[in-house]
Amino acid sequence: MINKVFSAKQLDDKDPLRHVVSQFALPPDTIYLDGNSLGPLPKAAEERARDVVTNQWGKDLIKSWNCHDWIRLPQKVGDKIGALIGAEAGQVVSCDSISINLFKVLSAALNMQPDKKVIATTRDNFPTDIYMVQGLLTLLGDDYSIRYIDEGDIEGQLSDDIAVLMLTQVNFRSGFKLNMETITRQAQKLGILTLWDLAHSAGAFPVELDKCNVDFAVGCTYKYLNGGPGAPAFVYVAQRHQQQYRQPLSGWMGHQSPFAFTPDYEADDSVSQNLCGTPGILSMSVLDAALSVFDDISLKAIDEKSKKLQAFFAAEGKRAGLCDYMDIVSPPIENRGSQVALSHPEAYAICQAWIAKGVIADFRAPNILRIGFAPLYLSFEDIEVAVSKLADIMQKKTYEKAEFQRKQHVT
Ligand SMILES: *Cc1c(COP(=O)(O)O)cnc(C)c1O
């Protein structure tokens, strides 16, 4: 038996982020290990939702576009997100979903590479990323194609016929984290434009888009950024590309002067060109308030705590004998994002049994129990309790009960 070096309580006492949990409205008796899929509700977001509906919309009506500066909200929120992903102001705007933003960026990037016709990505990228390429290819015709490369050796598979390299920094199943800096450098040596999906990066650990000289990036805000279900996504276009960047969803909000109401489209020369139609002000306001949680916190501190939580989970899991039942299919902690994947043929039912005991994680087909470590509100004691409940489920095979076997729509 392995003895504990530090108890959960000792680790919580030393935790510099311990106070942050008070900024969230979390339900009682719940341990939330799914903030990598839908972050919980920040109290500031709840308050803003009330204010924007009751006061701004309710009382100030259409005047709010000016008096509450709704019209600049996508840029303002974009810059706040930019500060969390290593982007100087003026390069990030908040809009639409990742899927739609991928369409825009991929189209614009291909336009900038008239002599190249290949989009490269990994086969086990998040499906929507691949689906969006497949859909775009139906518009572009047979000259264009998608090329799948293996995430284990990306640099070794790059060649100068690739127009765009589209990668998700953290694999959504395994948590495997790619080296943004070296891959971007190698790609650019071959004249390849890089597009990074930050779905499992933004708000989880430091990202350095400018420093890595990334060309384009997209990400969502309802995971580690706690922006709420279906919160607007974001898109990053490096300053050096903005003059040339042209995306085809040329809606009026991406026009140089939307309120001139001229019949011909003239693209805005900034990242704001990605705005297509009218932004969803209610959800974007909630997101704006949710981001204030990060005001006085460094991503480095978040990353450090995540690694400690993950190490503690591994140590507790070992002590409780979890390794006898499940395999870890994630790389070592240094090489992964803020999550771990355990495999078991009954992973779905195990997840349901865990949820019934107040521990929320999720299942990813075909056999993965996925556990997210969001350091803003998780304590070491939470991890200790969660592991002991999981061990109990495995020992007693509680997951074999019929009620846990029934598949729900969302897993
Ligand atoms: C969550 C996630 C998405 C979601 O895309 P939406 O269009 O915002 O629904 C896309 N890509 C990755 C890698 C994800 O993890």
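For these entries I count Ala, Val, Leu, Ile, Met, Phe, Trp, Tyr, Cys and Pro as nonpolar, Asp, Glu, Lys and Arg as charged, and the others, Gly among them, as polar. The model I examined is predicted.

**Entry: ligand shell**

I first listed the residues around the ligand. They are Ser-97, Ile-98, Ser-99, Phe-126, Thr-128, Asp-129, Thr-168, Asp-197, Ala-199, His-200, Tyr-222 and Lys-223. Sorted by class, this shell holds 4 nonpolar, 5 polar and 3 charged residues.

I then looked up side-chain atoms facing oxygen atoms of the ligand. For Ser-99, I found a polar side-chain atom 2.5 Å from a ligand oxygen. For Lys-223, the distance from a side-chain N or O atom to an oxygen atom of the ligand is 2.6 Å. For Tyr-222, the corresponding distance to a ligand oxygen is 3.2 Å.

I next checked how much of the ligand is covered. Its exposed area when taken alone is 390 Å², and the protein buries 87% of that. I also noted which elements supply two or more residues to the shell: these are helix 5 (98-111) and helix 6 (127-140).

**Entry: domains**

I turned to the domain assignment, which gives domain 1 as 8-17 + 298-405 and domain 2 as 47-294. Taken over C-alpha atoms, the centres of the two domains are 30 Å apart. I recorded 21 residues of domain 1 and 18 residues of domain 2 in the contact.

The area buried between domain 1 and domain 2 is about 1,500 Å², and I noted that carbon and sulfur atoms give 61% of this. On the domain 1 side, Leu-299, Gln-339 and Leu-376 lose the most area to domain 2. Together these three residues account for 33% of what that side buries.

**Entry: backbone**

The peptide bond joining Ala-365 and Pro-366 is cis, with omega about 5°. I located Pro-366 in the loop between strand 12 (362-364) and strand 13 (368-372).

I also recorded Phe-261, whose phi is near 50°, a positive value in a residue other than glycine. Phe-261 belongs to the loop that runs between strand 8 (234-237) and helix 8 (281-290).

Technical notes:
Residues are numbered from 1 along each chain as its sequence is written. This is a predicted model: local features need pLDDT of at least 70, side-chain atom pairs count only at pLDDT 80 or more; totals for chains, interfaces and linings use all residues. Side-chain values use heavy atoms; hydrogens and water are left out. A residue is near a molecule or strand if one of its heavy atoms lies within 4 Å of it. A polar contact is a pair of N or O atoms within 3.5 Å; within protein, one must be able to donate a hydrogen and the other to accept it, and residues adjacent in sequence count only if both atoms are side-chain atoms. Accessible areas come from the Shrake-Rupley method with a 1.4 Å probe; for residues, only the protein chains shown count as cover. Helices (H or I, at least four residues) and strands (E, at least two) are DSSP runs, numbered from the N terminus. Domain bounds come from an automatic or database domain assignment. Contact means heavy atoms within 4.5 Å. Buried area is the accessible area (1.4 Å probe) that two parts lose on being put together, summed over both.
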